[in-house]
Amino acid sequence: MFIYLSKKMASPNSTPLKCISWNKDQGLIAYGGDDGLLKVLKLEIQTDEAKLKGAVPSNLSINQTLGGHSGAVQVVTWNEQYEKLTSSDQNGLIIVWMLHKGTWYEEMINNRNKSVVRSMSWNADGQKICIVYEDGAVIVGSVDGNRIWGKELKGNQLAHVAWSPDSKILLFGMANGEVQIFDNHGNFIMKLTISCLTNLSGAVRIAGIHWYAGTGGYIEPDCPCLAICFQNGRCQIMRYETDENPVCIDTSMNVVSIQWNHCGSVIAVAGSLRPSNSDVEINVVQFYTPFGEHLRTLKVPGKQMTGLAWEGGGLRISLAVDSYIYFAKIIPDYKWGYCCSTVVYAFTKPERQDYCVIFWDTKNNEKFVKYVKSLMSITTSGDFCTLASKADDTQPQGNAELESGSHAKYVLILCNSIGTPLDSKYIDISPLFVTMTRTHVITASKEAFYLWQYRVANKLTALEINQVTKTKKEGRERVYHIDCSPTGVNENGTDFTNAFTATRDPICCITATDKTLVVGRESGILHRYSLPNVVLIQRYTMNRAHHLSLNCNSSRLAIIDISGVLTLLDIEVHSSSGDTAGSQAFIGDSSKLERKDVWDMKWAKDNPDLFCMMEKTRMYVFRNLDPEEPIQTSGYICNFEDLEIKSVLLDEIMKDPERPNKDNLINFEIRSLRDSRALIENVGIPDASQFIEDNPHPRLWRLLAEAALQKLDLRTAEQAFVRCKDNQGIEFVKRLGNLQSEPMKQAEVAAYFSRFEEAERMYLDMDRRDLAISLRMKLGDWFRVLQLLKTGSGDCDDALLEQAYNAIGDYFADRQKWVNAVQYYHQGRHQEKLAECYYMLEDYDNLEKLTNSLPENHTLLPEIGQMFTTVGMCEQAVNAYLKCNQPKAAVDTCVHLNQWNKAVELARTHNMKEIKPLLSKYASHLLEKNNILEAVELYQKAHHFLDAAKLIFKIADEEARKRTRPQRVKKLYVLAARLVENHHEQKKTSQQSKTKGKKSEATFALAGLLEEDATSSDNRVLDNAWRGAEAYHFFLLAQKQLYEGYAENAMHTALHLREYDDIIPAVEIYSLLAICSAASKAFGTCSQAFIKLESLESLDQEQRLLYEDLALEIFTKHAPKNSRKLERDAASEGVAEKLPTCIVTGLPIQDYHFWMCSECKHCALSQEISKYNYCPLCHSRVG
């Protein structure tokens, strides 16, 4: 940063000042002094013209005296949220002022009459104020004047108070140098640890406490923001109130006040300093970063400084000295650069902890945003930009691991002009100073400098890119310690171990061109190295440099030292264009040029003797060390080329950085360009030609050539184009020379100078509509081409008309205006683009119509098929693939969309053999993931019913083993059996289609069953498909009958279950039989069931004993005999076993007329089934 005093303002009657405060939102300045002096000022708002010129405001728009205090006003503080001013004097009187209709009035007054107010502080949202008195009294009040709480800190003299950013903590600074931490209710928490006074004894008074509230964002995550400074110059900056490792600074000053700027990037420390060579103290303001790095020192005249205050934007600072207010203008060190007509700049946001980097394309007024954590610098060169930042530990670093195995701490990111990363390099040396050339990024820490030869993809083949990514350090990376003297012979430039060795003379700045590198050290010594082979050529001794810059041919070095003095150093034999051979400058000569208060400079890219520099708010252009008249501006210099200087008003852009305005870009022409243009306009081409001959420059010759072309002076134009080496201009002049018509020449010249409307009008006046159309086609103005084609007389070229329609369609498609694009593509008959537009519009009906309109085997059909596939429209995709004779793609689409039945059908129709292996493979994949139901659905859709049935049987068996949900098990067995029936029907149908001629249905059925028997490997599934369903049906039926009170029927059903002991465990069957028979008093059957249970091998001894005890208990009370009726029924069991069983009652069917289910082929009594709408077993509809 650079700072200088810009304005001085005296107080009324030369009254000494005591305090000052600047309202950051409204721009109001309040200052207080002796005799009750309290004034509110506001500097006038600058006009746009004044902003462009960088003029410092000198007039006051508000200058009002506030009367109310009788004693010296010692404390003033603003409540910016509520536009209130709070002031206090030496008598303890506190006044809160409010603004009403442009005048300040007293809103509230408080006088404690016991002690003097030492400090007042509003919290971040302006809701609360904390007032501390010297005698230890603390009062916290609200913005509306109500007292919230008060406290007496007895035995303590208070000096300062500060709120935390979240308003939850209060810091109280004591007169003895202690800082105590309280919560926002006045409860003591702890004493703050003071680290900066560890080597001192005795009490040291606190000069200031300022806790930055984060309203402008933070320059780095976890950035120090709490500053505590003592009168002896010791200062500590903490991240939070309990930070054990604060940043400690010894300013060696007698400090009176401290304050952060608007974004917490700079802290100003005001006070006095006694130079080592003088007995007189001088007023100074020291500027530091939050990490303790010293930035600048500002010397201020006067005897006693009493306060300082920052402006809201951080561009000015006000100082109260004696009876004067001094204003200092600050030139911030923005993180910014300029490349390829793009301004790159960074700023912080309150809601984010990283930097927002804007790539602003000034030609198209487009901006691209990129967020970077812990950004350190932005460096630009040519078309590229390098962002240096601290590495993010959470992100992978690729080949960034160091030889020690640890991760790199910093990263260099190479971007193009829209912020796209092209390459990156992780390094372990701190990139404090970065410069770029067309081939290298060079960065330096305080001890070493590092060279990285970057490469970009558009200059490399794919093979080279692959080789570059594999190469880590060899050849492309080199590092050198500043104390080494590289000779370029047999040196290992990739040894990073020495890069961290401390040096007594650290690096302070660097600069480079394609062939020279210059490194500046804090002692003032400059090292000059050759590039690309790094060889130390020479050392120079100058003042300590702050900024270095080499001219375009590396013959002269510009040096701006830390005090803002610019000098030039000839580092190669240099002879200016106007010098004679005897007036050459020798190597190492320091030029006689010396300019003060310089904060920026830029060499011309095309002339080693031209440079421009910023001196306060004036820009000077030097040619051969002779300055032109200054230009009033405060812009940062972007580029100096073709006798034009481009600068940008970054101060104005940073006020609203997310919306940059082209008004903040300024182009300046240097005097020779302005004079040449004036000569051409006012005197004529011959005199101007002579002037340019005396002051040659390609831009001037181009200016002359363009003027000659305007007047059709082709000879002069050709000579001028030759002098500026413009081959295209020379060819254009020759083409003009071959034209015979004067109007034609004028039209061509108009087009050359981009006056296209005028050129088109000339072509049409000459009845050369073809040339007008050709001109518009070259410009890409297809709307005008279409208009010219339609308005002309005669028939227009159909091919050209279609080209225009399609080009306009492309225009709308590029902007994603698909509806408009469709209209023009339709007229241009561009079927490929039409298909794309329909797809983007999701207009699949028209896309299907387009498919139907295309001829067979059209090249667009596969693409349309893919479009339909991506949106899941299987039928349309299949039609498109079949129309272009790609059945395999159609099958693949069906498989992809899980339409397996369609896939099998297509495979069979087109005699494809790949479908069965594919189906099996997919099913195996699902089964490996245990997605059995999905596999079942897959087999079912593909009509592989038998495979699906096997899987369902497997699931049913597993569920049966759990013995928890018999209803679910029955349903699974029914589903499996129905799938087997579908398999039978499929086989029967396929056999019918295979057999030709007239045969009976029975013959077909028999043939199908024989084929099944020959091919099936699992007869259990085919022959006994309904057995599992039957078992669980009767198992559930028996229990239902038992609970409904039909115990005898339940016993008969349970007796029937004995046939299914291979499906249902025998213990469950006979347990159910024993219960049912006991309920029906058939103790004989019950006895047989207990006998069976006691003989089961699956039961352990303990379970057998339980059954025996239960049997003993039952049969001691009841004889193990059945009734006569039950004995008759048991006698007829042998006959009943041959009869079908009713699935409704579980009883044998003895009638000749009964009902049979068409699906499962099971029977029921007619009078019983009439009560049901669905089959009780398979649940198919009855009748």
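How many salt bridges does the structure hold? Let's work through that and a few more exercises.

Before we start, note that this is a predicted model, in which local features need pLDDT of at least 70, side-chain atom pairs count only at pLDDT 80 or more, and totals for chains, interfaces and linings use all residues. Residues are numbered from 1 along each chain as its sequence is written, and side-chain values use heavy atoms, with hydrogens and water left out.

**Exercise 1. Count the salt bridges, then look at the one between Lys18 and Asp34.**

Step one: know the rule. A salt bridge is a side-chain nitrogen of Lys or Arg within 4 Å of a carboxyl oxygen of Asp or Glu.

Step two: the count. The structure holds 48 of them.

Step three: the example. Lys18 and Asp34 join their side chains in a salt bridge, at 3.8 Å from N to O. Lys18 sits in strand S2 (residues 17-22) and Asp34 in the loop between strand S3 (29-33) and strand S4 (38-43), so this pair ties together parts that are 16 residues apart in sequence. Helices (H or I, at least four residues) and strands (E, at least two) are DSSP runs, numbered from the N terminus.

**Exercise 2. Work out how helices H7 and H8 are arranged.**

Step one: take the axes, which are lines fitted to C-alpha atoms, for helices over the stretch in contact, with angles from 0 to 180 degrees between N-to-C directions. Those of H7 (residues 714-723) and H8 (residues 727-737) come within 9 Å and cross at roughly 160 degrees.

Step two: name the arrangement. That makes H7 roughly antiparallel to H8 (angles under 35 degrees count as roughly parallel, over 145 as roughly antiparallel, 65 to 115 as roughly perpendicular and the rest as oblique).

Step three: find the contact (heavy atoms within 4.5 Å). H7 brings Leu714, Ala717, Glu718, Phe721 and Val722, while H8 brings Gly729, Ile730, Val733, Lys734, Leu736 and Gly737.
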